[in-house]
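Please look at the sequence and the structure before reading on.

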Amino acid sequence: LVWGDPHVSTFDHASPNFFEQGDAWLVRSQDVHIQARYLATPFTNGLSATNAIAVGGPFLQGHSISVGPLEEGEILVDGKPALASFPSTHDVAGIATL
């Protein structure tokens, strides 16, 4: 579970915090790859907040899904914009529906 500026609850119930800018692995298993990008914002007095999440790995059969910050509202599937309007859906090659 990941939320906010940034708070993380891990599978082993630890609660690490990331206050510096950078990228971090949230899940790095054989089948699932999830990374988060943390960047400083004017709302967090220079501390990092979750800026983007990227999901990929063999379970997506070579596809990737990225979700950017709310301000830009950008959701990418395989590097291309998806879900550009509301409401909308997007099929990821029959593997998943967003």
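In which loop is Asp78 found? Asp78 is found in the loop between E7 and E8; helices (H or I, at least four residues) and strands (E, at least two) are DSSP runs, numbered from the N terminus. This is a predicted model, in which local features need pLDDT of at least 70 and side-chain atom pairs count only at pLDDT 80 or more, while totals for chains, interfaces and linings use all residues. Residues are numbered from 1 along each chain as its sequence is written, and side-chain values use heavy atoms, with hydrogens and water left out.

**The sheet**

- Six strands form an open sheet in the order E3-E4-E5-E6-E7-E8, with antiparallel pairing; two strands count as paired if DSSP finds at least two bridges between them.
- Strand E3 (22-28) and strand E8 (80-82) stand at the edges with a single partner strand each, so one side of each has no neighbour in the sheet.
- On average, neighbouring strands of this sheet are turned by 25° against each other, direction ignored. For this angle, axes are lines fitted to C-alpha atoms (for helices over the stretch in contact), and angles run from 0 to 180 degrees between N-to-C directions.
- In a regular strand, side chains alternate between the two faces of the sheet.

**Strand pairs**

- E3 and strand E4 (residues 33-40) run antiparallel and are joined by six bridges.
- A hairpin of four residues connects E3 to E4.
- Arg28 has His33 in E4 as its bridge partner.
- Strand E6 (residues 65-67) and strand E7 (residues 75-77) also run antiparallel, with three bridges between them.
- Ile65 stands opposite Val77 in E7.

**Backbone features in the loops**

- Asp78 is not a glycine, yet has a positive phi of about 55°.
- Is Asp78 buried, exposed or partly exposed? Asp78 counts as partly exposed, at 35% relative accessibility; buried means under 20% relative accessible area, exposed over 50%, and partly exposed in between (1.4 Å probe, protein chains only).
- Gln61 also has a positive phi without being a glycine, at about 50°.
- The loop between strand E5 (48-56) and E6 holds Gln61, and Gln61 is exposed, with a relative accessible area of 59%.
- Phe86 and Pro87 are joined by a cis peptide bond, with omega about -5°.
- Pro87 lies in the loop between E8 and strand E9 (91-92).
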